[in-house]
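Hello,

Here is the structure we talked about handing over. Please open it alongside this note; what I found follows below.

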Amino acid sequence: MSQYEELKTTMTDQQYLVEALTEMGFNPEVQTDGAALKGYGGVTWSRPVQVIIPREQLRGALAPIGFGRDETGVFQAVIDDLDRQYGGLDAVWLGRVAQSYKERQTMAVAKTKGYIFRGREVVQTPQGPKVQLRFAVR
Amino acid sequence: MKGASVPVVCRAAAIKQQSLLHKFPVLYRQIVSSYLESRDALRHQRRETLRNDVRNAVVDLSRRGMRPTLGSVSPLISAAAAKDWKLIHQEIDRSMRELGCGFGSITLPNGKVMG
C-alpha cells in the first residue's frame, strides 16, 4: 500500500496557490476549515488540508493532492508516494506550482506599488525555464 | 484483466500484494490507476443511465398526471443505473425543474413531502 508524504513549500497565500493551480488546469477545492485526505486502499492523511486537487483531476493518480498549512502558516504539499515517484507529481511538478504562485504574488505586489507591467518572458537556463516579469516605474 | 483490482490480479498471479508493491512499484501503480479509472468510468456511466432513466420516468408519469415520487420512479429505473435513493431524489428534482413540471414537491415512500 502506498502512503502520503509531506513535501515542503514556501507558499503562504491561499489565493495565489488556488490561482496557480487553476492556471495549471486544475479546479481545486477549498476547505476553509480543513479536511482529511483519502487515497486508494484506505490511505489517509489526517492532518487537515485547506486546498485539495481531487484525484479525478490528476490523470492516473492514486490519491488526491492536498495543501495544508503547518503551524507557521506555510502550505505543505501532501502527495501519495507512488504518485510522487512514478506519476510525475514530484518536486519538479511542485516547482512549477511554486513558480506560478510566485508569478501571481509578484504581479500583485507590483500592482500595489504602482509598477506598470511591461511583459513576461520565459528564459531557458541550465536549471530549466524561468519566467522573467518586466515592470516599469510610473 | 484491464481494470481489475490489485487483489484480483495478485490472486490470479499467485503473488502477495506487498511483493507486487515492493518488487514492481510501477506495475502496482499502473494496476491501481487502471482499476480506479475503470471504476470512475463505471460510476459515471451508472450516473448517466440514472439521469436518463429518471428523466424518462418523470416525463412518463407527468403525462399520466401522476406525481413522480421515489416510490413511483424507482421501479422504472433500469438495472444498469446507480441505485442510491439520494441520487434518485436529486435526479427527480433536477428532471422536474428542467422539464418544468408543475409539482412543487416530491413525496417519499414514508409519506414525507420534500421540496
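**A hairpin in chain A**

Strand E2 (residues 29-38) of chain A is joined to strand E3 (residues 44-53) of chain A by 5 bridges, and the two strands run antiparallel. Please keep in mind that this is a predicted model. One pair to look at is A:Ala35, whose bridge partner in E3(A) is A:Val49. E2(A) and E3(A) make a hairpin, with 5 residues between them. In the turn sits A:Gly41, with a positive phi of about 70°.

**A:Val123**

Next, go to strand E6 (residues 116-125) of chain A, where you will find A:Val123. Is A:Val123 buried or exposed? A:Val123 has 8 other C-beta atoms within 10 Å, and a residue with 12 or fewer counts as exposed, so A:Val123 is exposed. Leaving aside residues up to four places away in sequence, A:Val123 touches A:Lys130 and A:Gln132. A:Asp81 lies 42 residues from A:Val123 in sequence, and the two are 31 Å apart in space, C-alpha to C-alpha.

**Chain B overall**

Now to chain B. Its secondary structure amounts to 5 helices and 2 strands. Read from the N terminus, the order is α-α-α-α-α-β-β. Chain B has 115 residues, and 17% of them are buried. Take the contacts in chain B between residues at least 6 apart in sequence: 52% of these join residues at least 24 apart.

**Two helices in chain B**

Two packed helices are described by the angle between their axes and the distance between the axes. Here are both values for one pair. The axes of H3(B) and helix H5 (residues 85-99) of chain B come within 9 Å and cross at roughly 55°. That angle makes H3(B) oblique to H5(B). The crossing of H3(B) past H5(B) is right-handed.

Which residues make the contact? From H3(B) they are B:Leu50, B:Arg51, B:Val54, B:Arg55, B:Val58 and B:Val59. From H5(B) they are B:Leu87, B:Ile88, B:Glu91, B:Ile92, B:Ser95, B:Met96 and B:Leu99. By class, the residues of this contact are 9 nonpolar, 1 polar and 3 charged.

**Where the chains meet**

Last, the contact between the chains. Chain B puts in 8 residues and chain A puts in 8 residues. On the side of chain B that touches chain A, helix H3 (residues 25-63) of chain B gives the most, with 7 residues. That side of chain B has 5 nonpolar, 1 polar and 2 charged residues.

Best wishes

How values were computed
Residues numbered from 1 in each chain as written. Chains lettered and ligands numbered in written order. Predicted model: local features only at pLDDT ≥ 70, side-chain atom pairs only at ≥ 80, totals over all residues. Helix = DSSP H or I, 4+ residues; strand = E, 2+ residues; numbered from the N terminus. Buried ≥ 20, exposed ≤ 12 C-beta atoms within 10 Å, placed from the backbone. Contact = placed C-beta atoms within 7 Å. Pairing = 2+ DSSP bridges. Nonpolar A, V, L, I, M, F, W, Y, C, P; charged D, E, K, R; others polar. Axes fitted to C-alpha atoms, helices over the stretch in contact; angles between N-to-C directions. Parallel < 35°, antiparallel > 145°, perpendicular 65-115°, else oblique. Left-handed = near helix turned anticlockwise from the far one by under 90°.
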